[in-house]
Amino acid sequence: MATTRLVQPTPKKLWLAAIKPPMYSVAIMPIIVGTAVAFGETNKINQSIFFTFLISAILILAWENLSNDVFDSETGIDQNKPHSVVNLTGNKSLIFWLSNLCLGLGILGILLIAWWQQDWTVLIIILFCCLLGYTYQGPPFRLGYQGLGEILCFFAFGPLAIAATYYSQTQSFSITSLAVSVFIGMSTSIILFCSHFHQVEDDLAAGKKSPIVRLGTATGAKVLKWATTSLYALTVLFVVFNLYPRWILLVFMSLPFAIALVNHVEQYHAEPDKVNNSKFLAINLHFVSGILLALGFILPH
Ligand SMILES: C/C(=C\COP(=O)(O)OP(=O)(O)O)CCC[C@H](C)CCC[C@H](C)CCCC(C)C
Ligand SMILES: O=C(O)C1=CC(=O)c2ccccc2C1=O
């Protein structure tokens, strides 16, 4: 008689799932793309500012994720999540202080940029991003539990982070960088949207009304198709209106990643064990399209 063995993930796998290295694409991409737009327009780049911003963004995202595990341990939503850093260490206060350390160091990097520029603008914008990040998960707001995460995510990783990055290089704002930020904001929110498909049961039990809890998985898959298609429609629109250089059409080379994501979710939206990797397919799309977008600005035009 055949027996089924449940394979326990190794501690290494659990830690990798807890730290989620691929997720850091969402922190680095606004910095890469915002700097690429500035370079495309000015032919100059301040490398110290670029690398300081990059490290700060990574630290700020580490804060967001570690504190997410701390706050989620208080609502019980992560009870069945062995790859929560709090569950792995069993030490909530250590993770809380570690997250605050990451935030402090991240803000310190941004402060350094503000000091180099003798201008508070970048600091103010990034502090506002952090505030949005806190309201997503921290008490008393927990706006992610109301299904508002994708909106916060769009503004934090799109218009705000890219405006701050562009400003850190040029000390000005630009319509082109705003147009680019719509693309990056949307592709980042698509990742968050996909992260909910396999969590409906746990979310319902903890009272979290994620967009997928609200819409149902079938409608969610349709919304994903629509949102992913809009990325490419927007690109064409922005080229037609001369907001993007033509090289930006390189973004269409990321279409296979978009199709893979949409097809996977369309097929498996109701099967948590199979749809649980859609978040990573969405990260692939975010990373590849973001790099192509940045290339489109850097290539001579
Ligand atoms: C922590 C986030 C999602 C995880 O949510 P969830 O609890 O559903 O996940 P688990 O199942 O893994 O527990 C992302 C939340 C994003 C937030 C709305 C906005 C964050 C803003 C950043 C702090 C800003 C970074 C700016 C930087 C790029 C300069
Ligand atoms: O753990 C997650 O699911 C996410 C973490 C995270 O930092 C992030 C940031 C931006 C968009 C989506 C996500 C996640 O889904």
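Biologist: What percentage of the 301 residues of the protein chain count as buried?

Modeller: Of the 301 residues, 42% count as buried, where buried asks for 20 or more other C-beta atoms, placed from the backbone, within 10 Å of the residue's own. This is a predicted model, in which local features need pLDDT of at least 70, side-chain atom pairs count only at pLDDT 80 or more, and totals for chains, interfaces and linings use all residues. Residues are numbered from 1 along each chain as its sequence is written, while chains are lettered from A and ligands numbered from 1 in the order in which they are written.

Biologist: And what average pLDDT does the protein chain have?

Modeller: The average is 96, and 98% of the residues score at least 70, on the predictor's per-residue confidence scale from 0 to 100. For the complex the predictor gives an ipTM of 0.98 and a pTM of 0.96.

Biologist: How many helices and strands are there?

Modeller: The protein chain has 14 helices and zero strands, taken as DSSP runs (H or I of at least four residues for helices, E of at least two for strands) and numbered from the N terminus.

Biologist: Changing topic, which residues are around ligand 2?

Modeller: They are K20, M23, V26, L61, E64, N65, C153, T188, I191, L192, S195 and K279, each with its C-beta atom, placed from the backbone, within 6 Å of the ligand.

Biologist: Which helices each supply at least two of that shell?

Modeller: Those are α3 (47–75) and α8 (175–194).

Notes: A residue is buried if 20 or more other C-beta atoms lie within 10 Å of its own, exposed if 12 or fewer, and partly exposed in between; C-beta atoms are placed from the backbone.
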